[in-house]
Amino acid sequence: TLEGADSYEVSAGKVVVNLVTAALRLELVTRTAVVLHVPVGIVQATPTGMSSESSTGLGDARLFVSQQLLAKQSATMGRSFVSIRGGMIAPTGDYGSAAAVSITEVSGADDGSINLNTYNTSASLGAGVWSLVGAVELGWAPTDLLVTRAVVALQQPFTRTSDEIRWGTDF
């Protein structure tokens, strides 16, 4: 599955992230599924007027267990379901600052004061921390080939990065 491609551009340059995620899913007859996601990609930074730097490899692996709680099949409306999911994210991706762009601009204001503006953007293939993840998923499949999902998820890191950064909770 294609996870995404992002591009961040500031006056100091550009950071591009391209990821493709390999997914392995084992479904049991109890409506339980075990899912492993392993992203692979490249992060590339190109500071203005300088050569680009890049990082290529694995992203952070995600292992989930999902349990379908409610499922309803209708001949006219297709299938609808509610699932809960829990799991862990392992710091298998490269965490570093190889793909970073930074610039500081100094300018004078009309009142004689000095303005100091700093622009920073960076990206890496991994977050550098272990995290717990929980989610509730609502789904509707009008046909066997089309599934629409709405997911509310919470991600809580429980370790710090190698440079002592403690990421916040993602909702």
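This is a predicted model: local features need pLDDT of at least 70, side-chain atom pairs count only at pLDDT 80 or more; totals for chains, interfaces and linings use all residues.

Colleague: Great. How many helices and strands does the protein have?

Modeller: Zero helices and 10 strands. Helices (H or I, at least four residues) and strands (E, at least two) are DSSP runs, numbered from the N terminus.

Colleague: And what percentage of the residues count as buried?

Modeller: Of the 171 residues, 25% do. Buried means under 20% relative accessible area, exposed over 50%, and partly exposed in between (1.4 Å probe, protein chains only).

Colleague: Which residues make up the largest nonpolar core?

Modeller: There are seven: V15, V17, L19, V43, A45, A123 and L125. A nonpolar core here is a set of buried Ala, Val, Leu, Ile, Met, Phe, Trp, Tyr and Cys residues joined through side-chain atoms within 4.5 Å.

Colleague: Which elements give two or more residues to this core?

Modeller: β2 (13-27) and β3 (32-47). The largest share, three residues, comes from β2.

Colleague: How many bridges join β2 to β3?

Modeller: 15, and the two strands run antiparallel. Strands pair if DSSP finds at least two bridges between them. A22 stands opposite V38 in β3. The β2 and β3 hairpin has four residues between the strands, and R31 takes a positive phi near 65 degrees there.

Colleague: Nice. Which strand pairs with β3 through residues 61-74?

Modeller: That is β5, which pairs with β3 in the antiparallel sense over six bridges. V35 stands opposite F64 in β5. β3 also pairs with β4 (residues 53-58), antiparallel and over six bridges, and there A45 stands opposite E53.

Colleague: You mentioned F64. What lies over the face of F64?

Modeller: R85, at 5.3 Å from the ring centre. The test for a charge over a ring is NZ of Lys or CZ of Arg within 6 Å of the ring centre and within 35 degrees of the ring normal.

Colleague: Switching to aromatics, how many pairs does a search of the whole structure find?

Modeller: One. The rings of Y95 and W167 have their centres 6.5 Å apart and their planes at 85 degrees, so the pair is edge-to-face. Rings of Phe, Tyr and Trp (its six-membered ring) pair if their centres lie within 6.5 Å; planes under 30 degrees apart count as stacked, over 60 as edge-to-face and the rest as tilted.

Colleague: Where do Y95 and W167 lie?

Modeller: Y95 is in the loop between β6 (78-90) and β7 (99-108), and W167 is in the segment after β10 (146-157), so the pair ties together parts 72 residues apart in sequence. Y95 counts as partly exposed at 23% relative accessibility, and W167 counts as partly exposed at 35%.

Colleague: Last one: what does S80 touch?

Modeller: S80 sits in strand β6. Leaving out residues up to four places away in sequence, S80 touches L70, A71, K72, G139 and W140 (contact means heavy atoms within 4.5 Å). The C-alpha atoms of S80 and L70 are separated by 8.1 Å. At 30% relative accessibility, S80 counts as partly exposed.

How values were computed:
Residues are numbered from 1 along each chain as its sequence is written. Side-chain values use heavy atoms; hydrogens and water are left out.
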